[in-house]
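Open the model in your viewer and keep the selection tool at hand.

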Amino acid sequence: FVYGSLLWDRRDLEEQGVRVVEEIPAELPDYNRRLCCWSFHYRGTRENPGVVVGLQPRPESSKEGCQGVVLRLRGPNALAICDKREMFSNAYERLWVQYKVMESQLGESGECFAYVLNYASEHAVPDAVMADTPHMAKLLSETRGVRGTSLEYAENLVKSLQKLNITVEAEINSVILLAQKNTT
């Protein structure tokens, strides 16, 4: 299940012979997408960490899960290649999760792997930081890693979700809008 940068950036997979053979718009009813993961490499550094999305268990107060795409992959060692990309640090854990097919008249569902934030890792952004929208916006607008800024990441996320007719979570959208305002 992809919900972040694998929506638009699959070059690591493609360069190693992994092909996407099917994309299924889906929702993980038990998880939320949040800006909850420190990026010390791709979108920030150790000295100035960036922030990217991760999956967190959905609190009971939240009515919606995380919408994204289930990918069916083909190629030698496809799962190991995905793991290498997403788990090169201990930021995420690969878990077996339940998904529902979006816009399915039959209520189709299934199981797939998803990379979920590892709360025990140094990559987990504290709740108090996530709740501070101005600080999160500042992080987006001021951090850069080997693949660009956190704001570029967030803007790519929005574009990718819009192409799928998925509404960006209000919390994420608020942070992005404030970060964009800070950079102009």
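Select α5 (residues 150-163) and α6 (residues 170-183). Their axes come within 10 Å and cross at roughly 130°. Axes here are lines fitted to C-alpha atoms, for helices over the stretch in contact, with angles from 0 to 180 degrees between N-to-C directions. Helices are DSSP runs of H or I with at least four residues, strands are runs of E with at least two, and both are numbered from the N terminus. α5 and α6 are therefore oblique to each other. For the angle classes, under 35 degrees is roughly parallel, over 145 roughly antiparallel, 65 to 115 roughly perpendicular, and the rest oblique. The α5 and α6 crossing is left-handed. Left-handed means the near helix is turned anticlockwise from the far one by less than a right angle; clockwise gives right-handed.

This is a predicted model, in which local features need pLDDT of at least 70 and side-chain atom pairs pLDDT 80 or more, while totals for chains, interfaces and linings use all residues. Residues are numbered from 1 along each chain as its sequence is written, and side-chain values use heavy atoms, with hydrogens and water left out.

Now show the side chains at this crossing. From α5, pick L151, A154, E155, L157 and V158; from α6, pick I172, I176, A179, Q180 and T183. These residues meet in contact, meaning heavy atoms within 4.5 Å. The contact of α5 with α6 holds seven nonpolar, two polar and one charged residues. Nonpolar covers Ala, Val, Leu, Ile, Met, Phe, Trp, Tyr, Cys and Pro; charged covers Asp, Glu, Lys and Arg; the others, Gly among them, are polar.

On the α4 side, select T133, P134, M136, A137, K138, L140 and S141. They meet S174, V175, I176, L178, A179, N182 and T183 of α6. By class, the contact has eight nonpolar, five polar and one charged residues.

Next, pair α4 with α5. The axes come within 5 Å and cross at roughly 100°. That makes α4 roughly perpendicular to α5. L139, L140 and S141 of α4 touch S150, L151 and A154 of α5. Four of the contact residues are nonpolar, two are polar and none is charged.

Where is the largest cavity? Select R34, L35, M130, M136, E171, I172 and V175, which line it. A cavity is a set of points on a 1 Å grid over the protein atoms alone where a 1.4 Å probe fits but cannot get out; a pocket is an open set with protein on both sides within 12 Å along at least five of seven lines; lining residues have an atom within 4 Å of a point. Points join across faces, edges and corners, and volume is the space filled by probe spheres set on them. One cavity of 30 Å³ or more is counted. α6 gives the largest share of its lining, three residues. The lining has five nonpolar, no polar and two charged residues.

Last stop: the largest pocket, with about 420 Å³ of space. Centre on S5, Y42, V52, E86 and Y92, the closest to its centre among 26 lining residues. β2 (31-39), β3 (50-57) and α2 (78-86) each give two or more residues to this lining. The largest share, three residues, comes from β2. Colour the lining by class to find 15 nonpolar, six polar and five charged residues.
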